[in-house]
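Hi there,

Here is the structure I promised to pass on to you. Have a look at it first, and then read my notes below.

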Amino acid sequence: MLYQHFTTQEEIDRAYDPMIGQDPAVLVKGWRERSEASRERHSASLKLSLDLPYGPSLAERMDVFHADAPHAPVHVFFHGGYWRALSHREFSFIVDDLVKAGITVAVVNYALCPQVRFSELVRQAQAAVAYVYRNAAELGVDPEQLSISGHSAGGHLCGMLMSTDWEGSFGLPNQLIRGALCVSGLYDLRPFPWSWLQPKLQLSGRDVQEFSPLWLPCQVTAPMKLVAGALESDEFARQMSSYSEHLSEQGQNVTQQLLPEVDHFSILEHYLNDGCFVEWVKGFHASVEI
């Protein structure tokens with residue numbers, strides 16, 4: 001066995017390649033067009049800060065979409081792309097309803113494999129959250145009302161952020177994250193060295209051990225919501241359930257849900273049109289008026 005019940009790379013690839021049956025060019029083109037329209041709307045209202053640097057490298061940038069109210073809650077979003085593709089610019093479209101709800105949204109860019117090692121992706125995600133917390137006054141947000149979410153690889157990064165020793169590594173409160181939404185995330189990296197992704201990811205055995213949230217203690221005590229789409233492969237639901245069980249065993253406040261009639265990509269529509277993701281993020285900030 002390579003992983004679980006899988007005996008060949010072909011089996012792993014079928015289970016972990018959500019682009020099978022999709023047209024990547026059409027999918028990404030739609031995201032880019034919708035995201036450009038979203039940036040134009042927010043730029044016209046002077047409520048957009050583009051490409052704010054949160055670290056020294058060119059990849060460490062974020063777009064911040066500001067809510068109207070000062071000292072607003074802030075939500076930090078990490079995009080997918082299996083750690084080796086896409087950028088923050090394809091995902092501006094997820095912000096509109098969150099901003100309407102009074103929540104400032106930071107959409108984070110990060111470097112990609114194989115240009116950087118896997119560990120650097122995790123470090124940059126940590127640096128982005130630390131930047132938002134430390135620069136809250138400048139961004140016009142409340143540092144005590146910070147939540148996170150991520151899709152696919154971004155869901156994995158959210159798991160790593162919840163496993164970060166913020167006090168020991170950054171000198172920040174270990175409870176700086178108020179809630180986390182992990183969308184179609186990957187929490188066990190063990191299948192990927194055997195997959196089509198390995199030439200890009202170049203995962204070592206140590207990487208798999210150190211950067212799989214499923215095998216790490218959760219350091220942040222805050223509500224977590226894990227979701228996957230019913231039309232995704234069974235592996236996404238299984239990874240979600242395994243991670244939920246892992247968190248529950250540590251006393252973490254975690255819920256999991258398999259959303260009907262959505263796949264790995266259409267699940268993002270739940271950020272829009274009164275979708276449940278907006279309500280859940282608002283719930284992370286229920287103690288403040290938004």
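**What I found**

Helices here are DSSP runs of H or I with at least four residues, strands are runs of E with at least two, and both are numbered from the N terminus. Before we go on, please note that this is a predicted model, in which local features need pLDDT of at least 70 and side-chain atom pairs count only at pLDDT 80 or more, while totals for chains, interfaces and linings use all residues. Residues are numbered from 1 along each chain as its sequence is written, and side-chain values use heavy atoms, with hydrogens and water left out.

Now for helix α2 itself, residues 24-44. (The expected span is 1.5 Å times one less than the number of residues.) At the start of α2, a side-chain oxygen of D23 comes to within 3.1 Å of the backbone nitrogen of A25. That is a polar contact: a pair of N or O atoms within 3.5 Å, where within protein one must be able to donate a hydrogen and the other to accept it, and residues adjacent in sequence count only if both atoms are side-chain atoms.

Which residues of α2 are buried? They are L27, V28, W31, S35, S38, R39 and H42. They cover an arc of only 100° around the axis, so they sit on the same side of α2; the arc is that of the directions from the helix axis to the C-beta atoms. Buried means under 20% relative accessible area, exposed over 50%, and partly exposed in between (1.4 Å probe, protein chains only). The face turned away from the buried side carries the exposed residues A25, V26 and A44. Among the elements covering the buried residues of α2 are β1 (48-53), β2 (61-65) and α3 (96-100), where contact means heavy atoms within 4.5 Å.

Next, look at strand β3 (residues 72-78), where seven of its seven residues are buried. β3 runs parallel to strand β5 (residues 141-151), joined by six bridges, and F77 has S149 as its bridge partner in β5. β3 also pairs with strand β4 (residues 104-108) in the parallel sense, over five bridges, with H75 opposite V105. Two strands pair if DSSP finds at least two bridges between them.

Enjoy exploring!
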